[in-house]
Amino acid sequence: MSNEQLDQLRDQLDEVNLKLLDLINERARLAQEIGQVKRKAGQNRFDPVRERKMLDLIAENNKGPFETSTLQHLFKQIFKASLELQEDDNSKSLLVSRKKHPEDTVVDLKGEKVGNSEQKLVAGPCSVESYEQVYEVAKAMKDQGLRLLRGGAYKPRTSPYDFQGLGQEGLEILKRVGDELDMVTISEIVSPKDVENALEYIDVIQVGARNMQNFELLKEVGAVNKPVLLKRGMSATMDEFVKAAEYIHANGNSEIMLCERGIRTYENATRNTLDISAVPVLKQETHLPVMVDVTHSTGRRDLLLPTAKAAFAIGADAVMTEVHPDPAVALSDSAQQMDIPTFDDFLGSLREAGLFKG
Ligand code: PEP
Ligand code: MN
């Protein structure tokens with residue numbers, strides 16, 4: 001074969017490649033349109049019956065020289081890429097994504113704004129144990145000019161024999177202290193059936209790490225008119241975390257705050273591993289406020305200050321930490337809560353470092 005002949009054949013091949021390119025993209029556009037029609041109709045993107053028919057059509061019309069199985073393999077790749085294209089379209093249009101909504105969401109909690117440029121501090125006991133206990137912590141916070149009070153009434157505990165929280169009584173204590181000291185109360189709800197009742201008692205519903213993918217709970221808190229603090233699951237990827245927030249938004253509630261609280265890794269020097277880069281990732285990917293819970297991230301009192309500094313420095317909208325009047329006798333998370341003088345020092349150090357202005 002002369003060089004000339006080879007060049008000619010290669011030119012022809014290039015032409016066919018370009019035709020294939022056009023055809024593949026034409027196919028992709030059609031697949032996208034089909035995806036939109038299916039989304040509107042609430043149908044699944046992947047339809048195995050339809051895919052089988054397309055593969056059969058290829059088998060019936062194959063005149064060679066390729067083997068049918070080879071062609072079916074190639075076409076399966078094209079089908080798969082088209083499905084992925086539809087998926088990308090979906091994530092571009094997530095309600096919580098910054099692409100969809102470039103401006104920051106600011107959640108207004110009785111006048112305390114989370115998500116604007118002022119960084120906030122959330123504090124309070126791990127568990128609500130008594131009126132006096134919550135009041136003492138809230139009063140110390142109030143004296144420091146802080147209003148965002150956390151406290152667990154329903155506690156998701158690893159062991160069924162551990163303190164499970166005061167439940168309804170805990171909610172009542174939070175309401176009483178909240179009213180008396182004009183605090184904003186945040187408390188975890190673990191069951192969809194308790195959401196409606198909680199609306200009367202607390203200002204923010206927390207969905208805990210263990211429930212980040214409790215989709216029925218997410219739908220329930222998505223359907224109410226109350227801000228939600230969503231914590232990252234212990235093994236959740238950013239994508240899973242963002243999609244959990246999407247469940248809440250898609251059900252009608254756009255007042256969502258995200259909270260990084262450490263993830264499970266092989267490291268056991270800390271209770272969890274604080275994924276500090278989650279903060280800028282979530283700020284880039286979503287328009288929601290992002291908080292860092294330094295207590296559950298580290299499980300170590302001596303690491304609360306340095307991790308809080310890191311969280312503020314990296315741009316977290318708020319830091320959460322646990323404070324108890326007497327941590328040694330706390331009914332949960334005894335090792336990691338700060339007592340009130342330690343909390344005052346913690347705040348003083350953050351302010352001195354210029355990292356917390358609240
Ligand atoms: C909590 O904040 O009380 C709590 C249980 O945290 P997490 O869900 O992050 O473990
Ligand atoms: Mn705790």
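Predicted model: local features only at pLDDT ≥ 70, side-chain atom pairs only at ≥ 80, totals over all residues.
User: Which residues of H11 are buried, and on which side of H11 are they?

Analyst: Start with the general idea. An α-helix has 3.6 residues a turn, so residues three or four places apart point the same way. Now the case here: helix H11 spans residues 304-314, and its buried residues are Leu304, Thr307, Ala308, Ala311 and Phe312. They cover an arc of only 135 degrees around the axis, so they lie on the same side of H11.

User: What follows H11?

Analyst: Gly315 does, and its phi is positive, near 105 degrees.

User: How do I read the way H11 and H12 cross?

Analyst: Look at the axes and the angle. Those of H11 and H12 come within 10 Å and cross at roughly 40 degrees. The two helices are therefore oblique to each other, and their crossing is right-handed. At the contact, Leu304, Leu305, Ala308, Lys309 and Phe312 of H11 meet Phe346, Ser349 and Leu350 of H12. By class, these residues are six nonpolar, one polar and one charged.

User: At what angle do H8 and H9 cross?

Analyst: The axes of H8 (residues 238-250) and H9 (residues 278-285) cross at roughly 50 degrees and come within 11 Å. That makes H8 oblique to H9, and the crossing is right-handed.

User: Which residues meet there?

Analyst: Met238, Phe241 and Val242 in H8 meet Ala278, Val281 and Leu282 in H9. This contact has six nonpolar residues, with no polar and no charged ones.

Key:
Residues numbered from 1 in each chain as written. Chains lettered and ligands numbered in written order. Heavy atoms only, no water. Axes fitted to C-alpha atoms, helices over the stretch in contact; angles between N-to-C directions. Helix = DSSP H or I, 4+ residues; strand = E, 2+ residues; numbered from the N terminus. Parallel < 35°, antiparallel > 145°, perpendicular 65-115°, else oblique. Left-handed = near helix turned anticlockwise from the far one by under 90°. Contact = heavy atoms within 4.5 Å. Nonpolar A, V, L, I, M, F, W, Y, C, P; charged D, E, K, R; others polar. Buried < 20%, exposed > 50% of the residue type's maximum accessible area, 1.4 Å probe, protein only. Arc of directions from axis to C-beta.
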